[in-house]
Amino acid sequence: MRRRIRRLGAGALVALLAACAQTPPQAPPAAEPEPIPEPVVEEAAPPVAARPENAPLKYLLGRKISPQPTRPLNVKSRCEHRDDRGTRTSLKLWVKEAEVKQFSARVSIPKRGTCQFELKDYAQQEKLPNVLLASRKEGDCQVRMWEQENRVTLAFTRCPAACEGDAFSYLWPIMVEAKSGRCF
């Protein structure tokens with residue numbers, strides 16, 4: 001048993017010394033002469049397919065996607081909705097040929113407060129491409145409405161005065177199905 005340990009120890013010592021040993025420096029190999037370049041003959045390059053500038057565009061190539069047409073917004077909705085977190089939305093909306101005839105929205109967010117929007121507090125600034133209502137009281141508050149595919153979106157910008165407490169920080173846009181008037 002002791003012989004085995006001595007052999008292993010001796011073998012390890014030889015391996016360690018071999019790893020530390022230096023090899024004598026060698027002369028660099030003689031440089032080979034550079035080959036003479038052949039004349040370049042330009043050939044017609046095969047046609048290259050148009051490459052998209054960024055990655056998302058490659059998924060759109062070959063698809064027939066057209067832009068949303070610019071047309072006057074027409075929607076009528078009287079709906080109430082409650083989501084899985086308990087947020088209650090009540091909406092009365094009537095827009096005819098991009099002219100807002102009726103608008104009343106109330107969004108109650110649990111433990112945060114309620115946001116209230118009424119047409120009498122807003123003046124319509126734009127009709128196309130998106131309907132824009134600007135607050136008569138607070139100059140920065142805006143309500144935008146636009147149609148995308150079969151949905152109409154109502155988004156609120158810089159309107160904390162229309163809400164209680166910190167409710168505006170938790171206010172999401174209201175979505176309405178254009179045909180049925182159902183909100184979600």
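Okay, let's start with a definition: two strands pair if DSSP finds at least two bridges between them. Helices and strands here are DSSP runs numbered from the N terminus, with H or I runs of at least four residues as helices and E runs of at least two as strands. One example of a bridge is Leu91, whose partner in E3 is Ala105.

Before going on, some housekeeping. What you see is a predicted model, where local features need pLDDT of at least 70 and side-chain atom pairs count only at pLDDT 80 or more, while totals for chains, interfaces and linings use all residues. Residues are numbered from 1 along each chain as its sequence is written, and side-chain values use heavy atoms, with hydrogens and water left out.

So, the overall layout. The protein chain has two helices and nine strands. Reading from the N terminus, the order is α-α-β-β-β-β-β-β-β-β-β. Of the 184 residues, 26% are buried, where buried means under 20% relative accessible area, exposed means over 50%, and partly exposed is in between, using a 1.4 Å probe and protein chains only. The chain exposes about 14900 Å², and carbon and sulfur atoms supply 53% of that; these areas come from the Shrake-Rupley method with a 1.4 Å probe, and for residues only the protein chains shown count as cover. As for contacts (heavy atoms within 4.5 Å), take those between residues at least 6 apart in sequence: 38% of them join residues at least 24 apart.

Back to the strands. E2, residues 88–96, pairs with E3, residues 99–109, in the antiparallel sense over nine bridges. They form a hairpin with two residues between them, and Glu97 in the turn has a positive phi of about 50°. Then E3 pairs with E4, again antiparallel, over six bridges. In that pairing, Arg106 has Gln116 of E4 as its bridge partner. This hairpin has three residues between its strands, and here Lys111 in the turn shows a positive phi of about 65°.

Now for the cysteines. How many disulfides are there? Calling a disulfide any pair of cysteine sulfur atoms within 2.5 Å, the count is three.

Let's take them one by one. Cys79 is joined to Cys183, S to S 2.2 Å, and that link is right-handed, with 125° about the S-S bond. It connects distant parts of the chain: Cys79 is in strand E1 (residues 75–82), Cys183 is in the segment after strand E9 (174–177), and they are 104 residues apart. Both Cys79 and Cys183 are buried.

Next, Cys115 and Cys163, with sulfur atoms 2.0 Å apart. The link of Cys115 and Cys163 is right-handed as well, with 110° about the S-S bond. Here too distant parts of the chain are linked, with Cys115 in strand E4 (residues 113–118), Cys163 in the loop between strand E8 (151–157) and E9, and 48 residues from one to the other. Cys115 and Cys163 are both buried.

Last, Cys141 and Cys159, whose sulfur atoms are 2.0 Å apart. With 95° about the S-S bond, the Cys141 and Cys159 link is right-handed. Cys141 sits in the loop between strand E6 (131–135) and strand E7 (142–148), and Cys159 in the loop between E8 and E9, so this pair ties together parts 18 residues apart in sequence. Cys141 and Cys159 are both buried.

And how are the bonded cysteines paired, if you number them in sequence order? The pattern is 1-6, 2-5, 3-4.

On to the core. A nonpolar core is a set of buried Ala, Val, Leu, Ile, Met, Phe, Trp, Tyr and Cys residues joined through side-chain atoms within 4.5 Å. The largest one has 32 residues, and those with the most contacts inside it are Leu91, Phe103, Phe117, Met145, Leu154 and Ile174. Two or more residues each come from E1, E2, E3, E4, E6, E7, E8 and E9. E3 gives the most, with five residues. To zoom in on Phe117: leaving aside neighbours within four places in sequence, its contacts include Phe103, Tyr122, Val143, Phe156, Cys159 and Leu171.

One more residue, and I'm done. Ser77 is found in strand E1. Is Ser77 buried or exposed? Buried, with a relative accessible area of 6%. The side chain of Ser77 reaches the backbone oxygen of Gly181 at 2.6 Å. Neighbours within four places aside, Ser77 is in contact with Leu91, Lys92, Leu93, Val176 and Gly181.

Methods: A polar contact is a pair of N or O atoms within 3.5 Å; within protein, one must be able to donate a hydrogen and the other to accept it, and residues adjacent in sequence count only if both atoms are side-chain atoms.
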